[in-house]
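The sequence and the structure come first, and a description of selected parts follows.

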Amino acid sequence: MNKFKKITLDGLIFQNPTFILVLGTCPTLGLINSAFSSMGMGLTVLVILTLSNVLISLLRKLIPNEVRIPCYIVIIATLVTFARMFLDKFLPDLYESLGGFLALIVVNCIILGRAEAFANKHTVLESAVDGVSQGLGFTLALTIMGVICEFFGKGSLFGFAIMDFKIAMLATPAGAFLVYGISIAVFVYVVDGVQRMLRVKTNKLARENMLKEAA
Amino acid sequence: MGTFIAIVLAAVLTNNFITAKTYGICPFLGVSKKTSSAAGMGVAVTLVMVIATLVTYPIYTYVMIPLKIEFLEIIFFIFIIASLVQMLEKIIQKISPSLYGAMGIYLPLITTNCAVLGVTELVIGDMSGILAEGAAMNIGWAVLYALFAGVGFTLVMVIMSGMREKLNCYKMPKAIAGFPIAMVTACFICMAFMVFSYISL
């Protein structure tokens, strides 16, 4: 159980694909000018990442080591093709707003990275949990930045107008770079601080226990 | 002539891959610490973009559309790009070992560069905003667009690496060193390139 807790926490915070590993930057920067499209992108990646992790983990003993990357790419490209057809048919709004970035999920480094670093060494269940938590980490990060960029850049949230005041620059790629950079800095600062606090706490506990035992 | 100028300006300045479309950000942030490696990466990406478009555009237009298998484009394209990159690596290694030494290490990374898949997807899509009125898309324009998109990519890479080399001289807090400050730098480059969006043809 502890193992799954660690995988989940890693995906959401300590190994967050967007803020700590800085992977999958192209769709992040391209889509965070709107909360709807960034959340849609996050959820699409979540589904594809989970499925690809499960499939690759199932096939990990069958795929020869020398040709593993082409095999992974075929699996991912097939999943992306399915996702594209599905969105085109059932969610045309999202399909429109994702634009070219939908096809570019194939070369999203998060998916290939997790296949290479995690799914080909772990069991199916672990890989599925890893896919969901990494995908959730990506989705949450994108949604938070999407909300910030859309609120200040367009004065709206998920397409609903809220206020007249807006800083148009934040809805352009320049603003996306700025918000992404500042978000990474804040996230790293907070996570570092929390980790330091936890370490101090555990050290203190250990010292008290030692003193007790000595007494 | 009008179409030629429009494509060159759009690909290099107004619709620059990095500053306007945000394609190819991974190498832009990852390989821009030194000017020489940034220029090498830019040239390698440009080369792969041109060759990939030269191969995928005819295959899409003359093979996939007549056979009605357009839905397989992602699988086809990524395979063509991956094998092209491998082939190019072997050819350069054989013909010019010195060029391979300068460029070879970047080649395997290019397979997963969105800029290459992005340009092959763009030229088969709707290009009416860039082409002059009445001009139809053909392989010549497609390859020209790929070439100058690569030139624009290299230009921004080199500017960025110059700024990052300067940034190395300063001490900064741990939280903003590395990616955050690189992104803020990129923000200023993007703002400078936004000026070009006022060019209208």
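Thr22(B) is buried, since 26 other C-beta atoms lie within 10 Å of its own; a residue is called buried if 20 or more other C-beta atoms, placed from the backbone, lie within 10 Å, exposed if 12 or fewer, and partly exposed in between. This residue sits in the loop between helix H1 (2-14) and H2 of chain B. Its phi is positive, about 50 degrees, although Thr22(B) is not a glycine. Val22(A) also has a positive phi of about 50 degrees without being a glycine, and its place is the loop between helix H1 (2-14) and H2 of chain A. Val22(A) is buried, with 22 other C-beta atoms within 10 Å.

The model is predicted: local features need pLDDT of at least 70 and side-chain atom pairs count only at pLDDT 80 or more, while totals for chains, interfaces and linings use all residues. Residues are numbered from 1 along each chain as its sequence is written, and chains are lettered from A and ligands numbered from 1 in the order in which they are written.

**Chain A**

Chain A has eight helices and two strands, where helices (H or I, at least four residues) and strands (E, at least two) are DSSP runs numbered from the N terminus. From the N terminus on, the order is α-α-α-α-α-α-α-β-β-α. Along the principal axes, the C-alpha atoms of chain A fill a box of roughly 70 × 55 × 25 Å. Of its 215 residues, 44% count as buried. Among the contacts in chain A with a separation of 6 or more, 75% join residues 24 or more positions apart; two residues are in contact if their C-beta atoms, placed from the backbone, lie within 7 Å.

Gly159(A) belongs to the loop between strand S1 (156-157) and strand S2 (160-161) of chain A. With 13 other C-beta atoms within 10 Å, Gly159(A) is partly exposed. Gly159(A) and Ser34(A) are 125 residues apart in sequence, yet their C-alpha atoms are 7.9 Å apart in space.

Helix H6(A) is mostly covered, with eight of its eleven residues buried. Those buried residues are Cys109(A), Ile110(A), Ile111(A), Leu112(A), Arg114(A), Ala115(A), Phe118(A) and Ala119(A). Their cover includes helix H3 (35-58), H4 and helix H7 (124-154) of chain A, together with helix H2 (25-30) of chain B.

**Where the chains meet**

The contact between the chains takes 32 residues from chain A and 32 residues from chain B. On the side of chain A that touches chain B, helix H2 (25-31), helix H4 (68-90), helix H6 (109-119) and helix H8 (173-214) are the elements that give two or more residues. The largest share, eleven residues, comes from H8(A). By class, this side of chain A has 25 nonpolar, seven polar and no charged residues; Ala, Val, Leu, Ile, Met, Phe, Trp, Tyr, Cys and Pro count as nonpolar, Asp, Glu, Lys and Arg as charged, and the others, Gly among them, as polar.

**Two packed pairs of helices**

Two packed helices are described by the angle between their axes and the distance between the axes. Axes are lines fitted to C-alpha atoms, for helices over the stretch in contact, and angles run from 0 to 180 degrees between N-to-C directions.

| Pair | Angle | Axes |
|---|---|---|
| H4(A) and H4(B) | about 155 degrees | 9 Å apart |
| H3(B) and H4(B) | roughly 140 degrees | within 10 Å |

H4(A) and H4(B) are therefore roughly antiparallel to each other, and H3(B) and H4(B) are oblique; angles under 35 degrees count as roughly parallel, over 145 as roughly antiparallel, 65 to 115 as roughly perpendicular and the rest as oblique.

In the pair from the two chains, Pro70(A), Ile73(A), Val74(A), Ala77(A), Thr78(A), Val80(A) and Thr81(A) in H4(A) meet Ile74(B), Ile75(B), Ile78(B) and Ala82(B) in H4(B). This contact has nine nonpolar, two polar and no charged residues.

The buried residues of H4(B) include Ile74(B), Phe77(B) and Ile78(B). H4 of chain A is one of the elements that cover the buried residues of H4(B), as is H3 of chain B.
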